[in-house]
Amino acid sequence: MHIPDGYLSPATVAVTYTIAIPLWVYGFKRLKNTLNEETMPLIGALSALSFIIMMFNIPIPGGTSGHAVGAALIAILFGPWIGFISVSLVLLIQALIFGDGGISALATNSLGMAFVGSFVGYYIFKLLEDKKFAPFIAGWSGIVVSSLFIAIVLGIQPFWSEAGKPLYFPFDLATTIPALVGSHMIFFGVVEGILTQIVYSYLKDKK
Amino acid sequence: MKKKLYIILAILFILVPLGLLTDYSAWGEWDQEIYKKLIGFIPEGIKNAQGIKPMIPDYGEGSVVMYYLSALIGIGVLFAIFYILAKLNKGKN
């Protein structure tokens, strides 16, 4: 889901940054209010966990791969704004240091993987709090809706064409939605769900 | 909770080269040449993409040592960011 540079039209870049910047500013304030000596190592470790989880590339039939994100896990432990900013910081580092995801696409990638993943995961979890598999469903739903967001942004890019040739990402919604949302529903969402369930249960276990 | 998180992190860190077992790219994150094969041309925007030059492209491009180092750098930088933010916070309050 890490969209590289050159895949999005300048209009898409402008709109997504216009939406993301105020959310980042507000989220940062929330993070600063949450950070103290006790929460800092925990939020730091959860962000590091998100970073390292994304390094586990999982191959799937069809010749592509993907990974879990961990946004819902942070969101259900520390709230959706903390999940959003933490995963955004992970994405920033991935883009700047490792060339994973473009700078021009950072707003889109953050809105999809970090914002949508955190908020969907958080509210699904709230809805099901007393259910045993609430963390699994929260993780699964969060990443699946993230993939839908990314699929929509990618799938509208062929709109920007010249002489019938797309200038940016060339495949439309009929291709991006089944490919991205389908693979996340069947594979990566399940991995994200299991991860969220196991880590959440382990952390909450009193032993 | 802190200790448990560090344990999980340590286990995942040790196992991180498992992430290198596949050559498959993520959907859409292909080499430019693939577009030529699939649609006959590389879209102008993708061909002329302007990005920054990353310090460690693609987490070391398949080397296990570089993959470990990438994981270490990622974890280190993230902790540093939160540490600095917490310090700044403390100074303010």
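**Exercises on chain B and its interface with chain A**

In this predicted model, 51 residues of chain B are in contact with 52 residues of chain A, where contact requires C-beta atoms, placed from the backbone, to lie within 7 Å. Local features need pLDDT of at least 70, side-chain atom pairs count only at pLDDT 80 or more, and totals for chains, interfaces and linings use all residues. Residues are numbered from 1 along each chain as its sequence is written, with chains lettered from A and ligands numbered from 1 in the order in which they are written.

**Exercise 1.** Determine which element gives the most to the side of chain B that touches chain A.

*Solution.* Begin with the elements of chain B that give two or more residues to this side: helix H1 (2-15), strand S1 (25-26), helix H2 (32-39), helix H3 (44-47) and helix H4 (64-92). Helices (H or I, at least four residues) and strands (E, at least two) are DSSP runs, numbered from the N terminus. H4(B) gives the most, with 14 residues.

**Exercise 2.** State how strand S2 of chain A and S1(B) pair.

*Solution.* Strand S2 (residues 64-66) of chain A and S1(B) pair in the parallel sense over 2 bridges; pairing requires at least two DSSP bridges between the strands. Next, locate Ser65(A), which stands opposite Ala26(B) in S1(B).

**Exercise 3.** Describe the elements of chain B and the box that its C-alpha atoms fill.

*Solution.* First, count 4 helices and 1 strand in chain B. From the N terminus on, these elements run α-β-α-α-α. Finally, the C-alpha atoms of chain B fill a box of roughly 60 × 35 × 20 Å, taken along the principal axes.

Conventions: Contact = placed C-beta atoms within 7 Å.
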